[in-house]
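Welcome! Here is a short briefing to read alongside the structure, covering a ligand and some helix packing.

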Amino acid sequence: MDISTSDTSTLDMSTLGRLAELWQRGKDFLGVEHAILGGAMSWVSERNLVAAISNAGGFGVIACGSMTPDLLEDEITATKAMTSKPFAVNLITMHPMISELIDVCLRQKISHVVLAGGIPAAADIKRIKEGGAKVICFAPALILAKKLIRSGADALVIEGSEAGGHIGPVSTSVLAQEILPHIKDVPVFVAGGIGRGDVMASYLEMGASGVQLGTLFVCATESIAHENFKKAFLRGNSRDAITSIQLDPRFPVIPVRALKNKASESFLEAQRSVIAKHQAGHMDMKEAQLEIEHYWAGALRRAAIDGDVDGGSLMAGQIVGLVKTQQSTQEIIDGLVKQAHDYLSDNLSDYLSVN
Ligand SMILES: Cc1cc2nc3c(=O)[nH]c(=O)nc-3n(C[C@H](O)[C@H](O)[C@H](O)COP(=O)(O)O)c2cc1C
């Protein structure tokens, strides 16, 4: 993305006012200047990027991923040393130590906890809220959005299949139409495929309280992602960010969106070989399934941190095609805000010229 650096102080007050009005609820909920969440990205969303996003007026989210409670404690402490602004922690609900990780967040007085990777237990939501933090959950369908609100979720993220990483089957634009008109009780943040401020503003006009972006922040200068990983993003086109392919319905593959590379091609070969071994009676169903699941173990770290862009996983959303330069987090966020402003001011002048 090459967004010309903007100085939001020069923006027209009437449209700045319109933007402020559109995402006021999201800003109040998060306690930030711009209702833009930096979606948690395992290995990438650590102290440097999280603090940079929060310091730039957005809302950083630490990706706990598979961290132990001790590591999470250290990461939170280190992030607090780099920003006095609010940020959240993203916990994966199926983490075997979820309860201890919640304890760490509450002890550290984290203001917002994001629960990802499945529908969270109502008991976990309750405990986090009783501990004083707000809970943000992912809603993959309207019926689940309503259930999560009944379970006490304070806000929802709806994330479409354009997004990078683990994804659901439905696109952002369809989810937005299905969910935004019907959920008014809590703020809703839209994620997946957002790379410009005009699309961000249009989701706000549809009723979203803010947005969540991941892919666009990977190449931020403050991001610790390996240079090879960043180069793959800078080169990548939207059509290169594909979902993992499942060869046989008996052996489910978790859908993950990533840039195609040698590892994603040999994943097909690996599945073929495991399925052949199963069919020949050399491997039972369970062993075969485990071997397929283990193929990607540690793969994001290998690519994002070690720089092995052939053998690791290049998790990226389709919007990767708009990532064209490395920019500071501040430039990325200011650029989005300026584009949202321009979009809203064009709409305002069109409206005034015909009325
Ligand atoms: C490299 C990468 C790693 C991710 N890891 C996680 C994760 O650990 N937990 C999570 O809830 N979402 C994860 N996501 C999803 C992001 O938080 C965010 O919702 C998503 O990137 C938004 O869509 P976009 O990529 O189109 O901006 C990841 C995304 C990427 C690109």
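The shell around the ligand takes at least three residues from each of domain 1 (8–222 + 328–350) and domain 2 (230–318); the domain bounds come from an automatic or database domain assignment. This is a predicted model, in which local features need pLDDT of at least 70, side-chain atom pairs count only at pLDDT 80 or more, and totals for chains, interfaces and linings use all residues. Residues are numbered from 1 along each chain as its sequence is written.

**Around the ligand**
- The ligand is surrounded by 27 residues, each with its C-beta atom, placed from the backbone, within 6 Å of it.
- Gly39, Gly164, Gly165, Gly214 and Gly317 are the closest.
- By type, the shell holds 13 nonpolar, 12 polar and 2 charged residues. Here Ala, Val, Leu, Ile, Met, Phe, Trp, Tyr, Cys and Pro count as nonpolar, Asp, Glu, Lys and Arg as charged, and the others, Gly among them, as polar.

**Helices α11 and α12**
- Helix α11 (residues 262–279) packs with helix α12 (residues 285–294) at an angle of about 170°, their axes 10 Å apart. Helices are DSSP runs (H or I, at least four residues), numbered from the N terminus; axes are lines fitted to C-alpha atoms over the stretch in contact, and angles run from 0 to 180 degrees between N-to-C directions.
- The two helices, α11 and α12, are therefore roughly antiparallel (over 145 degrees).
- Gln271, Val274, Lys277 and His278 of α11 meet Met285, Ala288, Glu291 and Ile292 of α12, with contact meaning C-beta atoms, placed from the backbone, within 7 Å.
- This contact of α11 with α12 comprises 4 nonpolar, 2 polar and 2 charged residues.

Conventions. Parallel < 35°, antiparallel > 145°, perpendicular 65-115°, else oblique. Contact = placed C-beta atoms within 7 Å.
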